[in-house]
Amino acid sequence: MKTLTFALSLIRHGETQYNKDGLLQGTAETIMKHNRSCSGLQLVCDALLKEKSFGIAEGRPVQDVREMAEAAGQSFPGFTPPKGETQEQVTQRVKEFLEKTLQQIGAEHWRDRGEEDETSSSSSSDPLSTSLAEGRADEGVRGVPVHALVVTHGAYMCVAVRFLVEELGCSLPPGTDKEHVFALSPNTGLSRFLLTVRRAEGRFALSAIRCVFVHRKGGDVQK
């Protein structure tokens with residue numbers, strides 16, 4: 001059966017003044033400007049990737065929300081302040097964005113990039129086995145024909161990663177600590193996934209997903 005495998009890299013935006021001040025908020029331009037591999041690419045903004053809304057806590061110190069969560073007997077960042085966005089609502093945006101991405105990439109690349117799924121092929125055809133050394137910028141994507149880079153926010157990434165792992169059954173690298181996987185990504189932290197899609201009844205559906213690495217700090221990825 002024909003399939004298409006593409007890479008999805010999630011990166012938390014760089015440190016902002018709000019981050020420095022410990023305030024809640026809800027910088028892809030910098031990445032596009034300084035990364036030579038992005039030359040000629042178009043920056044596309046999507047409201048589905050906006051940060052989780054913290055309601056009455058917007059613009060307030062993170063410690064205030066931690067105390068609100070503790071008083072309510074809940075943990076942060078899962079806590080939803082009054083008038084804020086719930087985890088379920090953010091998860092729904094993640095689902096919508098992933099579905100949108102599957103259909104868009106499938107429509108644009110299926111004809112030219114799709115390949116027959118040869119499950120008996122040697123491991124040398126595996127993108128992970130043909131990657132360069134751990135920590136290289138192309139780890140997990142060398143030989144992968146399509147790569148989508150998504151810049152978003154910390155709380156949103158927490159929900160997105162949990163959805164990919166717990167609801168979609170994304171496999172993790174051996175020895176991965178789930179506490180680390182579900183933790184808040186550092187600023188410029190990068191997580192990478194490989195997704196495989198199949199075409200059925202005129203639409204593209206996810207058939208497999210696995211994690212290459214998660215929350216790797218920007219300084220830990222070599223150019």
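**Exposure, cores and packing in the predicted chain**

Thr-188 counts as partly exposed, at 31% relative accessibility; this class lies between buried (under 20% relative accessible area) and exposed (over 50%), with a 1.4 Å probe and protein chains only. The model is predicted, so that local features need pLDDT of at least 70 and side-chain atom pairs count only at pLDDT 80 or more, while totals for chains, interfaces and linings use all residues. Residues are numbered from 1 along each chain as its sequence is written, and side-chain values use heavy atoms, with hydrogens and water left out.

Thr-188 is located in the loop between helix H6 (178-181) and E4. Its phi is positive, at about 65°, although the residue is not a glycine. Lys-83 is another residue other than glycine with a positive phi, near 70°. This lysine belongs to the loop between helix H3 (62-71) and H4 and, at 78% relative accessibility, is exposed. Most residues other than glycine have a negative phi.

The chain comprises 6 helices and 5 strands, taken as DSSP runs (H or I of at least four residues for helices, E of at least two for strands) and numbered from the N terminus. Along the sequence, these elements follow the pattern β-α-α-α-α-β-β-α-α-β-β. Of the 223 residues, 40% count as buried. The accessible surface of the chain amounts to about 12700 Å², with 48% of it belonging to carbon and sulfur atoms; areas come from the Shrake-Rupley method with a 1.4 Å probe, and for residues only the protein chains shown count as cover.

A nonpolar core is a set of buried Ala, Val, Leu, Ile, Met, Phe, Trp, Tyr and Cys residues joined through side-chain atoms within 4.5 Å. The largest such core holds 34 residues, of which Phe-6, Phe-193 and Leu-195 touch the most other members. Two or more of its residues are supplied by each of strand E1 (2-12), helix H4 (87-113), strand E3 (146-152), helix H5 (154-167), E4 and strand E5 (203-216). H5 provides the largest share, 8 residues. Apart from this core lies another, of 8 residues, including Ala-7, Leu-194, Val-212 and Phe-213.

Ala-7 is found in strand E1 and is buried, with a relative accessible area of 0%. Beyond neighbours within four places in sequence, Ala-7 is in contact (heavy atoms within 4.5 Å) with Val-141, Val-144, Val-146, His-147, Ala-148, Phe-193 and Leu-194. With residues up to four places away again not counted, Phe-193 touches residues including Phe-6, Ala-7, Val-161, Leu-164 and Val-212.

Thr-196 lies in strand E4 (residues 190-200) and is likewise classed as buried, because its relative accessible area is 16%. Its side chain is joined to that of Thr-5 by a polar contact of 2.9 Å. Such a contact is a pair of N or O atoms within 3.5 Å; within protein, one must be able to donate a hydrogen and the other to accept it, and residues adjacent in sequence count only if both atoms are side-chain atoms. Among the residues touched by Thr-196 are Thr-3, Leu-4, Ala-205 and Ser-207.

H4 and H5 pack at an angle of about 70°, with their axes 9 Å apart. Axes are lines fitted to C-alpha atoms, for helices over the stretch in contact, and angles run from 0 to 180 degrees between N-to-C directions. H4 and H5 are therefore roughly perpendicular to each other, a class that covers 65 to 115 degrees. Residues making the contact include Val-90, Val-94 and Phe-97 of H4, together with Tyr-156, Phe-163 and Leu-164 of H5.

Conventions:
Parallel < 35°, antiparallel > 145°, perpendicular 65-115°, else oblique.
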